[in-house]
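Keep the viewer open as you read.

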Amino acid sequence: MPLPTNPNTFANNPLDRAGNVRADEEWLNGRLKDPDSLFIPLWRLKPLIIPPRGPEHGTAAGWLTREAIKALNLDNPMTVFLGLENDTAYFAVDITDARDPERSGPLAGLGTFEELRVVAGELSVDVAAILAQAKSMIDWHARHRFCANCGNATEPAEAGYKRVCGSCNAEHFPRTDPVVIMLATKGDKCLLGRQKAWPAKMYSALAGFVEPGESIEEAVARELEEEAGIKVSDVQYFSTQPWPYPSSLMIGCFATAETEDIMLDDLELEEAVWFDKATVQAALAGQGDGSLFVPPPMAIAHQLVKAWAAS
Ligand SMILES: [Zn+2]
């Protein structure tokens, strides 16, 4: 039975990550050489999006064959196995060493290298999720070329899901950083906050990194108390969103507030406000009075607020 659909952009990745076979080097090399395998090139962490459309960008991932990647003449570019679908193997390749690949060389004119965040809303659900995986993985390799234990160079292993230090043998694994993002509610109202740099009247759910030795519920309660002085008595899980900037997992929760008086940590937030459900519903429908704008559907905060407003 399939999993229930997750409402969040970058979730619902359709690929079979084939974790039980990808560490087999013979199998992996076979898939790397397979003319049917497909590779998404990322240049400066930006995936190739096709087709080119004048001042605008395309809406599909620019999957290339091994031959097209080889034509770039790069010296052993970082390549990560993403997964299988219908027996086709999908990979991500870091082509940052290519000089201006949009305009010169074998990929010129094919498409544009786009910031994933900018194009995600126009990509299919599947493609957005696969490109998020690709971006997080390539980013992790680019930042972890040296051993955190001894400082010597590390080498990729197991199709890109591990790096091993040639000096002290320490193994390093791709990281996922948990972040709680929560909507505190009290009766007919929910708590939203805003940061100074945001567009005027834009408010969102409060959020913060989970700290070592902390449960999700404890992190939710701590962040709400630290940022807004609100005490909560109950925390309910909503859904999660992979967020590839660079490697967060946003854990969406609802929290039942016991207190209402806001005591702001003004280093974190410019303002926090209790909004009633009618105001939130109007803002979501684009029919508000201008006192509240919520983040776009791509953000899990939008999905949290939407689910609460519909409850
Ligand atoms: Zn080491």
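How are the donor residues of the zinc ion spaced in sequence? They follow the pattern C-x2-C-x14-C-x2-C. Before going further, some housekeeping: this is a predicted model, where local features need pLDDT of at least 70, side-chain atom pairs count only at pLDDT 80 or more, and totals for chains, interfaces and linings use all residues. Residues are numbered from 1 along each chain as its sequence is written, and side-chain values use heavy atoms, with hydrogens and water left out.

Back to the zinc ion. Its protein donors are the SG atoms of Cys 147, Cys 150, Cys 165 and Cys 168, lying 2.3 to 2.4 Å away. Donors here are N, O and S atoms within 2.8 Å of the metal (3.2 Å for Na, K and Ca); water is not among the atoms, so sites may look incomplete. For reference, the ideal angle for four tetrahedral donors is 109.5 degrees.

Two of these cysteines are worth a look for their cover. Cys 165 counts as buried, because its relative accessibility is 0%, while Cys 168, at 28%, counts as partly exposed. The cut-offs are under 20% relative accessible area for buried, over 50% for exposed, and partly exposed in between (1.4 Å probe, protein chains only).

Now zoom out. The protein has seven helices and 15 strands, taken as DSSP runs (H or I, at least four residues, for helices; E, at least two, for strands) and numbered from the N terminus. The C-alpha trace spans about 60 × 50 × 40 Å along its principal axes, and buried residues make up 45% of the 311 residues.

Next, find helix α7, residues 300-309. Eight of its 10 residues are buried, including Ile 300, Leu 304, Val 305 and Trp 308. Among the elements covering those buried residues are β10 (177-186), β13 (232-243) and α6 (277-284); contact means heavy atoms within 4.5 Å.
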